[in-house]
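Reader: Could we go through this model together? I would like to begin with one residue and then move on to other parts.

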Amino acid sequence: MKPKFTALLVLILVAITNMGIAQAHEKKPNVNTQKDIGTTLPPFAFELPDGSTLTPSVLKEQPVIVFYFDPDCDHCNKQAKMISENADLFKGITMVWVSWAMTIEDNVNFYKKYFMNMSNKVYIARDTKFSFDTLFGYSEVPSIYIYNRERKRSASFEAETDPELLVKFAKQ
């Protein structure tokens, strides 16, 4: 009887420990990480589907939201869907979606699925040089970096985030 009780106790402790680890890795949506607030939009160079290079100098003088994403990521797709369903909120804001190096076709399909009918500028780019972490800080998908009109970071998020909150920080 005692070995069965010990085995049961061990199983319960393992289950509790695993639940704690799983919860520790869960991302908290809508929490501004305060990561590098006030820093300037970095001098990135990402590849666009047509083979040209996207740099900050190409972007209009308006707020910029940079998304680090993977076209196969459920959270990234959820974020893109929330934005496309609230497209009118994003007028006057440029969005840059950067994947780590998915195929051009994957990125184009992602764009067509969510952003084809948006009136504001949405760039879908690839980080073929794997420079995103160096430029923006260590990032997992989805990560979101918001820069105001002065190109200063006003917020960052590490999970899908309410569109109204994104716009609020972009227009600060």
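Author: Leaving aside neighbours within four places in sequence, Gln62 is in contact with Gly92, Ile93, Thr94, Asn148, Arg149 and Arg151, where contact means heavy atoms within 4.5 Å. This is a predicted model, in which local features need pLDDT of at least 70 and side-chain atom pairs count only at pLDDT 80 or more, while totals for chains, interfaces and linings use all residues. Residues are numbered from 1 along each chain as its sequence is written, and side-chain values use heavy atoms, with hydrogens and water left out.

Reader: Where is Gln62 placed, and is Gln62 buried or exposed?

Author: Gln62 lies in the loop between strand S2 (53-54) and S3. Helices (H or I, at least four residues) and strands (E, at least two) are DSSP runs, numbered from the N terminus. Gln62 counts as buried because its relative accessibility is 14%; buried means under 20% relative accessible area, exposed over 50%, and partly exposed in between, with a 1.4 Å probe and protein chains only.

Reader: With which side chain does the side chain of Gln62 make a polar contact?

Author: The partner is the side chain of Thr94, at 2.6 Å. A polar contact is a pair of N or O atoms within 3.5 Å; within protein, one must be able to donate a hydrogen and the other to accept it, and residues adjacent in sequence count only if both atoms are side-chain atoms.

Reader: Arg151 was in that contact list. What is the phi of Arg151?

Author: Phi of Arg151 is near 65°, a positive value in a residue other than glycine. Most residues other than glycine have a negative phi, and most peptide bonds are trans. Arg151 sits in the loop between S6 and S7 and is buried, with a relative accessible area of 11%.

Reader: What about Gln34 and its phi?

Author: Gln34 also has a positive phi, of about 65°, although it is not a glycine. Gln34 is in the loop between helix H1 (2-25) and strand S1 (46-47), and it is exposed, with a relative accessible area of 52%.

Reader: Which peptide bond is cis?

Author: The bond from Val141 to Pro142 is cis, with omega near -10°. Pro142 belongs to the loop between helix H4 (132-136) and S6.

Reader: Changing topic, how many residues of helix H5 are buried?

Author: Six of the eight residues of H5 (residues 163-170) are buried, and the helix is mostly covered. The buried ones are Pro163, Leu165, Leu166, Val167, Phe169 and Ala170. Their cover includes strand S3 (64-69), helix H2 (74-85), strand S6 (143-147) and strand S7 (153-157). At the start of H5, a side-chain oxygen of Asp162 comes to within 3.0 Å of the backbone nitrogen of Glu164.

Reader: Which contacts does Ser154 have beyond its neighbours within four places in sequence?

Author: Ser154, in strand S7, is in contact with Asn32, Ile37, Ile146, Tyr147, Asn148, Phe169, Ala170 and Gln172, leaving those neighbours aside. At 8% relative accessibility, Ser154 counts as buried.

Reader: And H2, which of its residues are buried?

Author: The buried residues of H2 are Cys76, Asn77, Gln79, Ala80, Met82 and Ile83. Among the elements covering them are S3, strand S4 (94-99), H3, S6 and H5.
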